[in-house]
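This briefing is meant for someone opening the structure for the first time.

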Amino acid sequence: MTPAKLWLRIFLSGFVVIVALLLVTLNTPAFYGDMTRIGLLSETAFGWKIEPPVVDPKYLAASPVSEADILVIGDSFSMSNRWQSELTRAGYKVATMFWGQTNERLCDDFDTWLAQGGFKGKLVIVESVERLLNDRLVSTQTCKTTARPLTAGLKPFFEPLHEVPKPGLNWDGKLTSGLFIFNNTRNAARSDGPLLVNKRILVRPVPDGCSLFSHQLCDKVPFWPADDENGELTVENAAQMKAFAAAHPQHPILWMVIPNKTTVYVKPEHSKDFVTAVLRDRLGPDLFSWGLAQKTRVRDFFFPNDTHISMQGQLVLGQRMLEAVRQLLPPPPKPS
C-alpha cells in the first residue's frame, strides 16, 4: 500500500468515527436537568415527562423589601418564586433574597441589617436545604457584621421550563458527549445497586420508583452524593437556630428546612433527632415527615433529573408554608 493510500485510509477511518460520534450526539437530547448534565446521563431515560403547572405571573412578582410583610432568605429552592406564589396568592407581600448575598451566613447585626435594608415587615422565613444548613449555621456562629446590604429582586431569580422539552437535534453538545451519555446511562440501567457516574452523580435504585417518578428509567434515580457526605443535622443545629432567633427578637423567624432528595426517597430516618428538636422548640414546620408523605401523593415531587423539588412540588410546598405562616401572622386585608 502506497503512503498516499495509507493516509487516505486513515483519513476516511477518522472521518467515519467523527461522523458516527456527531450523529450520536445530535440524536442525544439536550440537558434540562442539573443532575443529568453533571452526570452525563440521558434525558430520554431520566428527564421528567409531566407538564409543569401554570402559575399566573402576578403571583410570581415580588414586593419591594420596604413594602413586604415577609422576607425570605433562601437558596436555590426559592429562586423560582413558585412556593412563595402561594403566600402571594393569599395576599401576603413577599420579598426574597438569597444566602449567597450574605456569604452563606447570618450575622450578629441581623436586626440592624434588616432595618437598614428597609424591611418593616412582620416575619422572616429562613429557608435552607438540609445538606447545606450545618455549614451555614457554623459560619453564623462567628459572623459579626453582614458584608452586603439587603437587596431583593422583583422577579424570580430564574424561570423554570414551562413545558416538557420537545425532541430535537442537539447542536450544542460536545462531539464525544453522546457516547459518554450512552455509556453512563447503559451502566446505570444495568447496575443492581448505587453507581457513581461521571465521578459526580450517584444513581440509586428507588423502591416503587415508577409510581413516584415519570421518567423512562423510573426504577433508578440520580442523587447528589453530598446528601450522604455532609452528614445528618443534629440537636445542636436546632439549638443554634433557636439561639439565633432568640438573639434577634425584633422580627419573628420561621425556619424552613427542606429535606434532601436522598432523605425523602432513600433515607427517611436521616436527621431524625434534629427534626424532633425543631418541632419541640417550634422553630418551623416539619417538612421531613411531610415530604415523605408528599412523595407518594405528588408524582415527581422532586425532579428525577435534578436535586430540586419540581414545580408541582413547589406549589404544595407553598401551601404547607402558608399554613405555617397563618399560625404566626393574621390574614392580610382583602383588596378594597
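**Disulfides and a helix pair**

The link of cysteine 107 and cysteine 143 is right-handed, with 65 degrees about the S-S bond. The model is a predicted one, and a search of the whole structure finds two disulfides in it.

**Cysteine 107 and cysteine 143**

- The sulfur atoms of cysteine 107 and cysteine 143 lie 1.8 Å apart and form a disulfide.
- This pair links distant parts of the chain, 36 residues apart, with cysteine 107 in the loop between strand 2 (94–98) and helix 6 (110–116) and cysteine 143 in the loop between helix 7 and helix 8 (177–190).
- Cysteine 107 is buried, with a relative accessible area of 1%, and cysteine 143 also counts as buried, at 3% relative accessibility.

**Cysteine 210 and cysteine 218**

- Cysteine 210 is joined to cysteine 218 by a disulfide, S to S 1.9 Å, and this disulfide is right-handed because the torsion about its S-S bond is about 85 degrees.
- Cysteine 210 counts as partly exposed at 40% relative accessibility, whereas cysteine 218 is buried, with a relative accessible area of 9%.
- When the bonded cysteines of the protein are numbered in sequence order, the pairing reads 1-2, 3-4.

**Helix 7 and helix 11**

- Helix 7 (residues 130–140) packs with helix 11 (residues 235–247) at an angle of about 50 degrees, their axes 10 Å apart, which makes helix 7 oblique to helix 11.
- The crossing of helix 7 and helix 11 is left-handed.
- In the contact, Leu133, Asn134, Leu137 and Thr140 of helix 7 meet Asn237, Gln240, Met241 and Phe244 of helix 11, and the residues divide into four nonpolar, four polar and no charged.

Terms used:
Residues are numbered from 1 along each chain as its sequence is written. This is a predicted model: local features need pLDDT of at least 70, side-chain atom pairs count only at pLDDT 80 or more; totals for chains, interfaces and linings use all residues. Side-chain values use heavy atoms; hydrogens and water are left out. Axes are lines fitted to C-alpha atoms, for helices over the stretch in contact, and angles run from 0 to 180 degrees between N-to-C directions. Helices (H or I, at least four residues) and strands (E, at least two) are DSSP runs, numbered from the N terminus. Angles under 35 degrees count as roughly parallel, over 145 as roughly antiparallel, 65 to 115 as roughly perpendicular and the rest as oblique. A crossing is left-handed if the near helix is turned anticlockwise from the far one by less than a right angle, and right-handed if clockwise. Contact means heavy atoms within 4.5 Å. Ala, Val, Leu, Ile, Met, Phe, Trp, Tyr, Cys and Pro count as nonpolar, Asp, Glu, Lys and Arg as charged, and the others, Gly among them, as polar. A disulfide is a pair of cysteine sulfur atoms within 2.5 Å. Buried means under 20% relative accessible area, exposed over 50%, partly exposed in between (1.4 Å probe, protein chains only).
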